[in-house]
Each structure stands twice: as structure tokens, then as C-alpha cells.
Amino acid sequence: MKVIVSQCLRGVACRYDGGAKPNDAVRRLCSRVEAVGVCPESASGLPVPRPPAEQRDGHVLLRDGTDVTEDFERGARLSLERVRASGALGCVAPLAVLKAKSPSCGSGVIYDGTYTGSLTKGDGAFARLLKREGVCVVTEDVVRSCSPSVEHPVAIVLGSGLGHLASLVKPVRRIDYHDIEGFPEDARPVQGHSFEATVGTIDDVPVVVYPGRIHLYQGYDPAEVTALVRHAHHLGCRDIIFACATGAVPGNANIGLGILTDQINLTGRNPLAGRDVRDLDTPFVGMSDAYTPYLRTLARGVADDLGITVEEGVYAGVLGPSFETPAEVAAMRAMGVSYVGMSTVLEVIMAHALGMNVLGLTLAANECGDPSVTHQSVLEEAGRHADDFERLVRGIIRLL
Ligand code: SF4
């Protein structure tokens with residue numbers, strides 16, 4: 001996997017002040033991918049050190065008002081040529097990790113041209129060009145926030161037929177679900193699930209694996225269904241990977257592994273609706289990018305590196321437990337839905353509301369509307385993809 005990276009984050013002394021801004025999380029990522037280092041300002045021929053510059057009203061200005069926009073745009077164009085020549089733009093999931101707030105590399109917010117440290121919405125000249133090319137551009141803060149540690153293990157919640165991943169954990173301790181606050185005392189696992197979380201490591205990466213879950217269709221309420229997510233958050237998890245079995249909507253997806261890009265909550269329930277929304281400042285939570293773009297992009301890149309076939313698509317969560325009618329399948333197809341399942345959507349809402357980084361993986365085990373589907377056939381299809389699923393998850397957490 002090739003990742004475009006700001007040189008100063010790798011420790012190269014190319015900043016305006018003559019220094020670097022090495023970032024441990026970015027350097028660790030660079031050690032595990034093929035990093036394509038760029039410094040647009042150096043590429044434009046600007047010296048090191050040089051006067052600082054900021055963007056205002058679409059222009060890049062020095063503190064004394066000198067307009068250096070053309071220098072910055074030339075550097076951005078030359079850097080784009082360099083990354084194009086490297087092949088980094090041709091990846092299935094092009095990714096760039098660029099220095100935050102810079103008038104060249106900044107993404108989302110940049111210094112506002114007042115030289116007071118204030119920020120404004122916008123992108124640096126190079127980040128803007130990369131986004132136009134369809135590159136997922138993130139800052140070093142995103143990479144750091146996704147980096148696991150003993151204090152911040154990766155939570156992995158597994159669905160039907162995917163629970164075997166729990167056996168990979170080198171355990172430190174086990175937690176009976178019934179000891180988890182808010183988890184219903186009477187809940188018993190359905191076939192293919194188990195109700196004991198394992199805290200430990202997979203390939204030396206700290207994890208907490210929840211090898212099963214409960215569902216609305218079993219009669220549990222949204223607070224109970226999302227108890228594991230709140231537990232993971234309390235344990236310190238910042239990343240949470242949801243894996244679920246789904247049906248593929250014919251015409252929009254195929255049977256096999258998929259990465260969730262977004263969701264439609266058709267359950268009619270929401271874990272943030274109610275009188276007891278603990279841990280949240282507000283229940284009015286924006287749901288853009290609920291599935292963290294950085295994690296989705298890493299997952300796509302890992303799959304490509306490992307030769308694992310994955311698709312991407314929107315997940316529709318339904319109440320169940322009955323499967324979809326032909327009219328419902330047609331409606332899902334028209335709505336742009338790729339995968340339909342009976343879990344995950346409420347958990348993703350809760351995780352996103354708690355500020356967690358979310359990755360959704362699915363195994364589409366059958367075609368929606370197929371009258372022959374049974375719980376047993378879902379488990380059997382999951383078993384056929386178990387190796388690929390395991391390799392994919394291990395590859396992803398290794399890069400975090
Ligand atoms: S932020 Fe970008 S342009 Fe500025 S020094 Fe770092 S790599 Fe170079």
C-alpha cells in the first residue's frame with residue numbers, strides 16, 4: 001500500500017522555521033507501508049528556513065502581505081506530478097497523511113491569515129489537489145487518534161459466523177458479558193455467538209474482542225443492544241471494528257466480504273433517543289463520516305495488498321427477524337443499499353456519538369430475497385470466508 005506523507009511528519013527538516021515535525025504514529029505507519037514523501041513548499045524551490053505563510057481569501061500571504069500564492073500552487077502541482085509518477089494515485093484506495101493546518105498540506109482547517117494562531121475552514125493548496133483526485137486526505141491527528149495502545153485497545157465486535165477471530169487473541173483477561181453494565185442478564189448467545197469478551201493482543205496489538213452480540217429482534221432495547229459499545233468506550237477503546245453478516249442486494253453487491261461506507265437505519269429505533277443518554281453532551285449527533293474514512297481506506301488498501309476480494313457499500317439495518325420481501329429488496333436497490341442486516345446500525349450511532357473511530361466490515365453471506373437462506377447457511381458461508389476475514393482484520397490492525 002502506498003501512502004502520500006508530508007515530509008516534515010517523517011522527520012525531514014523542511015519547515016519554514018528550518019525544523020521538522022516528526023510524528024511517531026505517522027512514522028510507524030510509514031514503516032509498514034510504502035511511503036511517498038512530499039514537501040510542496042520545497043518542491044516549489046522555496047528555501048529552508050523561509051518566512052511563514054498563511055491563507056486568506058484564497059491567497060497565500062506572508063506576514064508583510066507579500067502574495068506567494070503562485071509559489072505555493074506551483075509546489076502543489078509539482079508534488080502532484082511526483083505522487084502521480086510514484087503510482088500512489090493509482091491505488092484502489094489512495095491515501096495521504098498531511099501536516100495539519102499548513103497552507104500547503106492542511107486539510108479541513110488551516111491558519112486563517114491573521115498570524116494569531118486562529119484557524120478557518122479550508123484546505124492547503126496541495127491537499128486541495130489531492131482531494132480533487134479522489135485521495136482520502138487525513139492529518140497526523142487522525143493517524144494518532146487511531147493508534148492503539150494498552151490504554152486504547154482496538155474493540156472488535158463480531159457477528160454470526162465470524163466469532164472464531166476471538167481465538168487469535170492472546171488473552172490477558174476475560175469478561176463475561178453479564179458483568180457488563182447495561183447488558184441484559186437473561187441474554188443467551190444464539191448459535192455462532194459467544195458471550196465472553198477477551199482483552200489481550202492480536203499480533204501484539206492491544207484488542208478487546210466481543211465475539212457475539214444481541215439484537216433488537218430478540219426483544220432487547222437500543223440501550224441493551226449498545227451496551228458493548230459503551231463498555232468498549234469505558235475501557236478506553238478509540239477504534240471499534242464491527243463485523244456483521246448481511247445479505248447482498250442483487251445488482252448492488254455480491255456475496256463475499258464488504259467494507260461499509262455508510263448506513264441507513266431502518267429499525268425505527270435509535271440509542272440516542274431516550275431519557276438516559278449517559279456519557280453524551282448532546283444526543284443531536286451529526287452522522288457524516290460515521291464510518292471513519294481513514295479506516296475504510298486502510299481496509300481497502302490492506303485487502304488489495306493481500307489479494308482479498310472486497311466490495312464497498314451502504315448498509316441498511318432492519319429490525320428483522322424476518323428476511324426481506326421482494327418489494328423491500330427492490331426498494332433497497334433503488335435506495336442505493338448494498339448490504340442488509342439486523343445489527344450494527346445502532347452500535348455505529350452510539351460509537352460515533354461517543355467519538356470513536358468506526359470501521360464496518362461485513363460478510364454478505366446470501367443474496368437478499370433468496371428464499372433458501374437459513375441461519376445455518378449464513379454460518380456456512382461465513383466459514384468459507386473465515387480465512388480472508390481473519391487476514392483482513394489482522395492486516396488492518398497491524399497498520400493502526
Ligand atoms: S507542511 Fe507540507 S509544505 Fe510544509 S514543511 Fe511540511 S511537508 Fe513541507
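Student: Which elements each supply at least two residues of the lining of the second largest pocket?
Tutor: Those are β13 (239-248), β16 (337-341) and α11 (375-384). The names come from DSSP runs numbered from the N terminus: helices are H or I with at least four residues, strands are E with at least two. Before we go on: the model is predicted, so local features need pLDDT of at least 70 and side-chain atom pairs pLDDT of 80 or more, while totals for chains, interfaces and linings use all residues. Residues are numbered from 1 along each chain as its sequence is written, and side-chain values use heavy atoms, without hydrogens or water.

Student: What makes a space a pocket rather than a cavity?
Tutor: On a 1 Å grid over the protein atoms alone, a cavity is a set of points where a 1.4 Å probe fits but cannot get out, whereas a pocket is an open set with protein on both sides within 12 Å along at least five of seven lines; lining residues have an atom within 4 Å of a point. The second largest pocket holds about 390 Å³ of space. It is lined by 24 residues, and the closest to its centre are S160, A245, F323, M342 and V378. β13 gives the largest share of that lining, four residues.

Student: How many residues of the lining of the second largest pocket are nonpolar, polar and charged?
Tutor: The lining divides into 10 nonpolar, 12 polar and two charged residues. Here Ala, Val, Leu, Ile, Met, Phe, Trp, Tyr, Cys and Pro count as nonpolar, Asp, Glu, Lys and Arg as charged, and the others, Gly among them, as polar.

Student: What is the volume of the largest pocket?
Tutor: About 470 Å³. That is the space filled by probe spheres set on the grid points, which are joined across faces, edges and corners. Its lining has 15 nonpolar, four polar and eight charged residues, and α2 (40-43) and β3 (53-56) each supply at least two of the lining residues.

Student: Which space is taken by the ligand?
Tutor: The ligand takes up the largest pocket. To sit there, more than half of its atoms must lie within 2 Å of the grid points. There are 14 residues around the ligand, and C8, C39, E41, K99 and C105 are the closest.

Student: Which residues of helix α1 (residues 24-32) are buried?
Tutor: A25, V26, L29 and C30 are. They cover an arc of only 140° around the axis, so they are on the same side of α1; the arc is that of the directions from the helix axis to the C-beta atoms. On the other side of α1 you find D24 and S31, which are exposed. Buried means under 20% relative accessible area, exposed over 50%, and partly exposed in between, with a 1.4 Å probe and protein chains only.

Student: Why does G90 count as exposed?
Tutor: Its relative accessibility is 66%, so G90 counts as exposed. G90 lies in the loop between α3 and β5 (95-98).

Student: What is the phi of D57?
Tutor: About 50°, a positive value although D57 is not a glycine. Most residues other than glycine have a negative phi, and most peptide bonds are trans. D57 sits in the loop between β3 and β4, and its 73% relative accessibility makes D57 exposed. D204 is another non-glycine residue with a positive phi, near 70°.

Student: What kind of peptide bond joins V48 and P49?
Tutor: A cis one, with omega about -5°. P49 is in the loop between α2 and β3. G320 and P321 are also joined by a cis peptide bond, with omega about 0°.

How values were computed: Near = heavy atom within 4 Å.
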